[in-house]
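Please keep the sequence and the structure in view while reading.

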Amino acid sequence: MAEHPFLGRRGFLLGGAAVGAGALLAGCTSNTPANSESNAPVANAGNNAQPGKPITIGFSAPAADHGWIAAITKNAKAQAQKFSEVKFNATEGTNDVNQQISQVETLINAKVDVLVILPFDGKALTAVGQQAMDAGIPVINLDRIFDTPLAYRTWIGGDNYRMGVNAGNYIAAELKKKNVANPIIGEVAGIDSLPLTQERSKGFKDALGRAGFQVGPRVSAQFTSESGEQQTANLLQGAPKLDALWNHDDDQGIGVNAAIDTAGRKEFIMVGGAGSKNMMNLIKADSSPIKATVLYSPSMASTAVALARLLGQGKGIGDLAEHDIPAEITTYSAVVTKENVDQYLDVGFDS
């Protein structure tokens, strides 16, 4: 089943028709007659698709200086436009922490009903997130997490560790299919000082270790095309033979691919990260080393806005038995390959 940009693969009803999990909940019932006694909670899809009370959602994110962040803002705006009763108040994206704090404070003073915040720096914006919560404005903390759950009502984001695990599992399985012994496996990481990069690398190392493999030549880029090209060129120069390569980020992957093309290297398989449309098209063409990418999809911004709408209207997720929106939602890092790429093109973003 294809992942809907704002429902996700489990099909939670956030503001449209329920699919997937909803169908399962409707169909997987017991043989107990409907009128028998039961204290078990029952999930009910409800009527979340219908317009509710008018609300204003405030939105703040970093500057759209690369494809993934640009898609975050684009997806959030597009999702808000699907709801006739929602007014979307977005600030101008900035990578200046103090400016973002000031922008969020402006939204608080404007008394928006709900805030969706992707902080440039989660730790630095924790206090203003808590300020909003203390003012009675529920906060959806998007991806880069605040230091305390007191600063948000719900966090939604990706799974960096599982990104690494799934990339490692895919590479290990492909190499074992080819009976490759003692493979040389490279890694082009993102910014090493960031916890997200550390988590991705740990997941990758752990998965390869379980398969009896290990990470070989490794470089750290900066999530940009330029750094990806330079660092990959260095890696390739120092590794005359590779069997596989994982690049953490599809934005920097443009440069990674350029370095591979320049070097004329085709002897290895490559896996990307995040799920850009560019990489998905290369996977579909199947004429380059790139064979897969592991999702860290900006579609999470669409879900964040849909959740904000429900919070502002006092609703829960229809396909869950619980009455309230969960405190945390982690998206899944699916592996996109030639076999399933058509299912995921709708959530691909432009690098």
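## The buried side of helix α3

In this predicted model, the buried residues of α3 are Gln100, Ile101, Gln103, Val104, Leu107 and Ile108. They cover an arc of only 160 degrees around the axis, so they sit on the same side of α3. An α-helix has 3.6 residues a turn, so residues three or four places apart point the same way. The cover over the buried residues of α3 includes the strands β1 (55-60), β2 (86-90) and β3 (114-117), together with the helix α4 (126-134). On the face of α3 turned away from the buried side are the exposed residues Asn98 and Asn109.

## Length and ends of α3

Helix α3 covers residues 97-109, which is 13 residues. At 1.5 Å a residue the helix should span 18 Å, and this agrees with its end C-alpha atoms, which are 18 Å apart.

The N-terminal end of α3 is capped by Asp96, which has a side-chain oxygen 3.0 Å from the backbone nitrogen of Asn98. Just after α3, Lys111 has a positive phi of about 60 degrees.

## The chain as a whole

The chain contains 11 helices and 12 strands. Of its 351 residues, 52% are buried. The accessible surface of the chain is about 15800 Å², and carbon and sulfur atoms account for 50% of this area. Among contacts in the chain with a separation of 6 or more, 71% are between residues 24 or more positions apart.

## Strand β6

Five of the five residues of β6 are buried, so this strand is largely enclosed by the rest of the structure. Ile185, Glu187 and Ala189 point one way from β6, while Gly186 and Val188 point the other way. Residues on both sides of β6 are buried.

Strand β6 is joined by four bridges to β7 (residues 215-220), and the two strands run parallel. In this pairing, Ala189 stands opposite Ser220 in β7.

Val180 lies in the loop between α5 (160-177) and β6 (185-189). Is Val180 buried or partly exposed? Its relative accessibility is 21%, so Val180 counts as partly exposed, given that buried means under 20%.

Leaving aside neighbours within four places in sequence, Val180 is in contact with Leu175, Phe213 and Asp243. Val180 and Asp243 are 63 residues apart in sequence, and their C-alpha atoms are 8.2 Å apart in space.

## Lys277, in helix α9

Lys277 belongs to helix α9 (residues 277-285). Lys277 is partly exposed, with a relative accessible area of 32%.

Which residues does Lys277 contact, leaving aside its neighbours within four places in sequence? They are Leu345, Gly348, Phe349 and Asp350. Lys277 and Leu345 are 68 residues apart along the chain, with 6.5 Å between their C-alpha atoms.

Ser297 is in the loop between β10 (290-295) and α10 (300-312). Its relative accessibility is 8%, so Ser297 counts as buried.

The side chain of Ser297 makes a polar contact of 2.9 Å with the side chain of Ser299. When neighbours within four places in sequence are left aside, Ser297 is in contact with Trp68, Ala274 and Val347.

Key: Residues numbered from 1 in each chain as written. Predicted model: local features only at pLDDT ≥ 70, side-chain atom pairs only at ≥ 80, totals over all residues. Heavy atoms only, no water. Expected span 1.5 Å × (residues − 1). Buried < 20%, exposed > 50% of the residue type's maximum accessible area, 1.4 Å probe, protein only. Arc of directions from axis to C-beta. Contact = heavy atoms within 4.5 Å. Polar contact = N/O pair within 3.5 Å; in protein donor to acceptor, adjacent residues only side chain to side chain. Areas by Shrake-Rupley, 256 points an atom, 1.4 Å probe, with all protein chains shown as cover. Pairing = 2+ DSSP bridges.
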